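Student: I'm new to this one. Could you walk me through a few spots?
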Amino acid sequence: TNFTISSPANAVIGRYNLTLQVTSGNKIFSRFLGQFVLLFNPWCPGDAVYMANESERQEYVLNENGIIFVGNAKYMEARGWYYGQFQDQLLNICLTMLDLSLYYRQDAAIDVSRRGDPKYVGRVISSMINGNDNDNGVLLGKWQGSFHSHENPSRWDGSVVILQKWRQDNYKPVQYGQCWVFAGVMCTVLRCLGIPTRLVSNFNSAHDVDRNLSIDKYYDSSGKSLNIGKDSTWDYHVWNESWFIRPDLGASYNGWQVLDATPQEQSR
């Protein structure tokens, strides 16, 4: 006899045990058949991450290589980046990442029950890519000072080495990352889990710390600049966008969703 098993399109992702149970009269026979892993499926029209265009699925889910734009508005530099989301052991590392998060540690049952929602998984992963929350995150950020005792962020050219080093060091944050490194690693993890993801580079990138949506500069009556306020404009910034629907916000918000793993201000 052949059996076909179909999982719901909104099923929780992760590792599953498959067991066959046969009831005959008052006897029950149980047999373990094996394990399988369930991921988000951009080819499935019922999945929240469904992407209708095959060429976009090839680019944003299956492509293991990409270019990250860095530099400044007058001199943009294209860096090659190897995502490597299908490399050996990467899937195990990405699934373990979910289980190391503060969300899982605070309430494992609720955390796992929400893993069918790409919005929730994206938020957990964006928290886990940086090591700022004392949560065994993947990368520590560093923007100034000496890098001589650890890896200079500009030396990285792919995610696989970083994620493997994180696992080999018993999930201690790898030193060091900056925005494009956080974004490159996050793209690897989300594509590995089946969520279509891309990188966005922004030049003359406004960093507003007081939430008034403006960059404020202060001058005295003679026109001398005053060192007040912490707003700034960065040469560039890199973050991610992931593709999924937003039933919580309405259909007009479906599509590319911004996720940023670079540790800045806490976002509640």
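Predicted model: local features only at pLDDT ≥ 70, side-chain atom pairs only at ≥ 80, totals over all residues.

Student: Leaving aside neighbours within four places in sequence, which residues is Ser-205 in contact with?
Tutor: Ser-205 sits in strand E7, residues 197–207 (strands, E, are DSSP runs of at least two residues and helices, H or I, of at least four, numbered from the N terminus). Once neighbours within four places in sequence are set aside, Ser-205 touches Ser-232, Thr-233, Trp-234, Asp-235, Tyr-236, His-237 and Trp-239.

Student: Is Ser-159 buried or exposed?
Tutor: Buried means under 20% relative accessible area, exposed over 50%, and partly exposed in between, using a 1.4 Å probe and protein chains only. Ser-159, in the loop between strand E5 (139–141) and H6, has a relative accessible area of 0%, so Ser-159 is buried.

Student: What about Ser-205, buried or exposed?
Tutor: By that cut-off, look at the relative accessible area of Ser-205, which is 5%. So Ser-205 is buried.

Student: Which residues in H6 meet H2?
Tutor: Helix H2 covers residues 90–100 and helix H6 covers residues 160–168. From H2 come Leu-90, Ile-93, Met-97 and Leu-100. Their partners in H6 are Val-160, Leu-163, Gln-164, Trp-166 and Arg-167.

Methods. Residues numbered from 1 in each chain as written. Heavy atoms only, no water. Axes fitted to C-alpha atoms, helices over the stretch in contact; angles between N-to-C directions. Contact = heavy atoms within 4.5 Å.
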